[in-house]
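Subject: Structure handover

Hello,

Here is the structure I promised to pass on. Please open it first, then read my notes below.

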Amino acid sequence: MTTTPTTEATPTTEATPTTSATPAPAVAPAASLRPFPAGFVLGAATAAYQIEGAAHEDGRRDSIWDTFSREPGAVLGGDTGDVACDHYHRYRDDVALMARLGLDSYRFSVSMARVVPDGHTVNAKGLDFYERLVDELLGAGVSPWLTLYHWDLPQALEDRGGWTARETVDRFTDYALAVHDRLGDRVRTWTTLNEPFCSAFLGYTAGVHAPGHTDPAAGLAAAHHLMLGHGQVVRALRDRDDSLSLGLTLNLTVADPVDPTDPRDVDAARRVDAQMNRVFLDPIFRGAYPSDLLEDVRGLGLERVVRDGDLAVISTPIDVLGVNYYQGEALSHRPHPDAPVTEAVTARPVRSPFPAADGVFRHPRPLATTAMGWEVQPEGLTRLLERVHAEYAAPAGTELYVTENGAAFADEPDGDGLVHDAARTAFLHDHLGAILDAVDAGVPVRGYFYWSLLDNYEWAWGYSQRFGIVRVDYDSQERTIKDSGHAYAAIIAARGLPGGSPAADGP
Ligand code: FCB
């Protein structure tokens, strides 16, 4: 099923970012090109802590990730984001790279720890950086897509309970307004949260991410407060300017039973769907927690943190939903002999991210895997987009984007410093094809952001995992566009996928 693109055109440095649907004839013959819909946005994503460095410059103070990364055994190799890709100092060169690739849009996050280092006092120098970045992007014709929270809560707020504390919702709203004060006239798309599943359940329940707690009740409280912060910020920004495009990004899975004829496996898949997808989708789009989820997590205190009126705030209508997709999963009621029950990155003790994880076991499938051990499952993306569109986005009139998708591979430069990452190129091609399959099935997907523009700090995995279409040499900070980056540039320039119609790619 995996197809490798046959056309590898060299990127054109002069490629102008455009959302026009007109294919550039020089790149691939029209007959073998599968075009993107008119206006389809092709971009790439990063996040502040993963690339910026300058951890204590211009007033920035510790976020929960600075603290967590210094805890012995929390991150592979003891890696921290102190320097990362040094993007804070090299952002101009990085924007030039984006222009060279022809990106329509760049999805980045603002570091809360840079803007409100103590959790509430606005640091003008922190905002200065994002203003410089946004102006540089606009000057290069790359449209900025801003995420307010990609996991770097100021440590000062964590010291007061972090996302388990209701007070954090108001601090987040004040922070969002401060960012809007500065950038509201130049940035049109504002997403509140990146992947609240990870902030809440990897951070407060699994112990794999900052702040490293292993408490099911804390994860649920954090999830609720994150969503409340999202809804409150959407309301506040819409009050300011109702022409903004507002929303959030969720990482969603496709939960399939290992044996669809076994009701216990079907129930295991249902539980994961509830605790990963519907725990966020239902409050946001339907103003209620799913009843089966409430049953599963009964006794874990969720009812104590939900107050009257919260769900009305959380379900404030949104303009855009970002879907992050890496893989789906096969679930069973019994463990697989070769699969770990909890997926630890380091020797640090961890538990399942699911607050009610009993009787839920993931089984490996005969699929290719990336260096993260993640299964490569492009067809899952088609099914996911069809489902989210039909059940949530279409009824709400919300636009759908894929805001992250990508793969880590252990690529190394050759003798000439070039990176021939054919597996990543195939991954990119196949997932864009999966999106076009969803489009053909009637899902109006509006765009795609590859994760990531640059190799960067992959959280608990430190610098051991490379997701970039641009290689970063962490000693010299030299950037090199990988073969996958060149292939992506050619796709963007052509406004279509090489390889022809879906029938040619089919099984
Ligand atoms: C997502 C995160 C992103 C990156 C990718 C690989 O969960 O949003 O920061 O780490 O995974």
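Which residues surround the ligand? The list is Gln50, His150, Trp151, Asn194, Glu195, Tyr326, Glu404, Trp451, Glu458, Trp459 and Phe467. Keep in mind that this is a predicted model.

**The ligand**

By class, the shell holds five nonpolar, three polar and three charged residues. In glutamate 195, a side-chain N or O atom is 2.5 Å from an oxygen atom of the ligand. For glutamate 458, the distance from a side-chain N or O atom to a ligand oxygen is 2.7 Å. Glutamate 404 places a polar side-chain atom 3.0 Å from an oxygen atom of the ligand. How much of the ligand does the protein bury? On its own, the ligand exposes 290 Å², and the protein buries 95% of that.

**Arginine 107**

Next, look at strand β3, residues 105–109, where arginine 107 sits. Is arginine 107 buried or exposed? It counts as buried, because its relative accessibility is 1% and the cut-off for buried is under 20%. Its side chain makes a polar contact of 2.7 Å with the side chain of asparagine 194. Asparagine 194 is also one of the residues around the ligand. The side chain of arginine 107 also reaches the backbone oxygen of threonine 403, at 3.3 Å.

**Arginine 471**

Another arginine to check is arginine 471, in strand β13 (residues 470–472). Arginine 471 is buried, with a relative accessible area of 11%. A polar atom of its side chain lies 3.3 Å from the backbone oxygen of aspartate 411.

**Backbone points to check**

Most residues other than glycine have a negative phi, and most peptide bonds are trans. Some places here depart from that.

- The peptide bond from tryptophan 451 to serine 452 is cis, with omega near 10°. Serine 452 is in the loop between β12 (445–451) and β13. Tryptophan 451 belongs to the ligand's surroundings.
- Tryptophan 459 has a positive phi of about 50°, though it is not a glycine. Tryptophan 459 also lies in the loop between β12 and β13. Tryptophan 459 is buried, at 3% relative accessible area, and is among the residues that surround the ligand.
- The peptide bond from alanine 210 to proline 211 is cis too, with omega near 5°. You will find proline 211 in the loop between α8 (196–206) and α9 (216–240).
- Alanine 54 is not a glycine either, yet its phi is positive, about 45°. Its place is the loop between α1 (48–51) and α2 (64–70). Alanine 54 is buried, with a relative accessible area of 8%.

**Helix α5**

Helix α5 covers residues 124–140, 17 residues in total. From its first C-alpha to its last it reaches 24 Å, close to the 24 Å expected at 1.5 Å a residue. Which residues of α5 are buried? They are Gly126, Leu127, Phe129, Tyr130, Leu133, Val134 and Leu137. These residues lie on the same side of α5, because they cover an arc of only 150° around the axis. An α-helix has 3.6 residues a turn, so residues three or four places apart point the same way.

**Two loop residues**

Proline 337 lies in the loop between β9 (329–332) and β10. Is proline 337 buried or exposed? It is exposed, with a relative accessible area of 76%.

Threonine 369 is in the loop between β10 (361–363) and α14 (378–396). Threonine 369 is partly exposed, because its relative accessible area is 44% and that class falls between 20% and 50%.

**Where to begin**

I would start at the ligand. Show glutamate 195, glutamate 404 and glutamate 458. Then move to arginine 107 by way of its contact with asparagine 194. Finish with the cis bond from tryptophan 451 to serine 452.

Best wishes

How values were computed:
Residues are numbered from 1 along each chain as its sequence is written. This is a predicted model: local features need pLDDT of at least 70, side-chain atom pairs count only at pLDDT 80 or more; totals for chains, interfaces and linings use all residues. Side-chain values use heavy atoms; hydrogens and water are left out. A residue is near a molecule or strand if one of its heavy atoms lies within 4 Å of it. A polar contact is a pair of N or O atoms within 3.5 Å; within protein, one must be able to donate a hydrogen and the other to accept it, and residues adjacent in sequence count only if both atoms are side-chain atoms. Accessible areas come from the Shrake-Rupley method with a 1.4 Å probe; for residues, only the protein chains shown count as cover. Ala, Val, Leu, Ile, Met, Phe, Trp, Tyr, Cys and Pro count as nonpolar, Asp, Glu, Lys and Arg as charged, and the others, Gly among them, as polar. Helices (H or I, at least four residues) and strands (E, at least two) are DSSP runs, numbered from the N terminus. The expected span of a helix is 1.5 Å times one less than its number of residues. Buried means under 20% relative accessible area, exposed over 50%, partly exposed in between (1.4 Å probe, protein chains only). The arc is that of the directions from the helix axis to the C-beta atoms.
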